[in-house]
Amino acid sequence: MKIFIDTGDTTEIKEANDWGLIDGVTTNPSLAAKAGKNFKQLITEITQIVDGPISAEVVSLTADEMYKEGKELASWHKNIVVKVPLIPEGLKAVKRFTAEGIKTNVTLCFNANQALLAAKAGASYISPFVGRLDDISQDGLQLIRDIRLIYDNYGFDTEILTASARGPYHFMEAAKIGSDVITAPFSVIKQVIKHPLTDSGLKQFLEDWKKVANL
Ligand code: G3P
């Protein structure tokens, strides 16, 4: 499973990238607003840190405007993936981007029918939001299972990009289901690495070593 970091914070991206585990980056308008930088400057800085797919989202609502905006975003760097909302106008734009070889990430997916339609339109990635479904007492991970089944049934090559990940459980289950990618905030990636027995075990090893290091 590929791991993307879901943030607009370049300090976090650098740190996680140095750990050698980041395959790509996702951003959204809320994360970009949090970063508080000019969007082109932000995306350009990210392209200089990570050599992998970097999702940049359009904010227009008609296919024509999304197309224009997405073409501009895609012109910034070869790794840009144009992120498009899962609405009819968005799918129309995806079809045009796909015909021109521009990669797309269809976002705000909350059911498997939507994911099926995005794949039919030619999306490179589909972003189902597991955490936001859990927030309203639905089973976010069941959506990942359903999409995996449907995509495998029909041989769609759209990659499932599990988004809105809230913790290590989402991470592990997405991998078990066969999600192609997970995107997670840096806070979640840090939780995934940690285990209390790793920390206490290391502490014990180092304390024991002190007893014999100078023999
Ligand atoms: O970037 C899309 C998605 O990962 C957002 O997650 O935590 O705002 O639901 P969240």
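Student: Which residues lie nearest the centre of the second largest pocket, and how many line it?

Tutor: Lys103, Gly122, Ala123, Ser124 and Tyr125 lie nearest its centre, and the lining has 13 residues. Bear in mind that this is a predicted model: local features need pLDDT of at least 70, side-chain atom pairs count only at pLDDT 80 or more, and totals for chains, interfaces and linings use all residues. Residues are numbered from 1 along each chain as its sequence is written, and side-chain values use heavy atoms, with hydrogens and water left out.

Student: What makes something a pocket here?

Tutor: On a 1 Å grid over the protein atoms alone, a pocket is an open set of points with protein on both sides within 12 Å along at least five of seven lines, and a lining residue has an atom within 4 Å of a point. The second largest pocket holds about 160 Å³, while the largest has a volume of about 460 Å³. Closest to the centre of the largest one are Asp6, Thr7, Asn28, Leu31 and Pro185, out of 27 lining residues.

Student: Which helix gives the largest share of that lining?

Tutor: That's α2, with four residues. At least two residues each come from α1 (10-18), α2 (29-35) and α10 (186-193).

Student: Why is α5 called a helix?

Tutor: A helix is a DSSP run of H or I with at least four residues. α5 (residues 88-99) has 12, so it qualifies. From first C-alpha to last, α5 reaches 17 Å, close to the expected 16 Å, which is 1.5 Å times one less than its number of residues.

Student: How do you know where the buried residues of α5 sit around its axis?

Tutor: Buried means under 20% relative accessible area, exposed over 50%, and partly exposed in between (1.4 Å probe, protein chains only). Gly90, Leu91, Ala93, Val94 and Phe97 are buried. Down the axis of α5, the buried residues fall within an arc of 160°, so they line one face of the helix. The face turned away carries the exposed Pro88, Lys95 and Ala99. On the buried side, the residues pack against α4 (63-76), β4 (80-85), β5 (104-109) and α6.

Student: And why is Gln114 called partly exposed?

Tutor: Its relative accessibility is 21%, so Gln114 counts as partly exposed. Gln114 sits in helix α6 (residues 112-121). Leaving aside neighbours within four places in sequence, Gln114 is in contact (heavy atoms within 4.5 Å) with Leu86, Leu108 and Cys109.

Technical notes: Arc of directions from axis to C-beta. 1 Å grid on protein atoms, 1.4 Å probe; cavity = no way out; pocket = protein on both sides within 12 Å on 5 of 7 lines; lining within 4 Å. Points joined across faces, edges and corners; volume = space filled by probe spheres on them.
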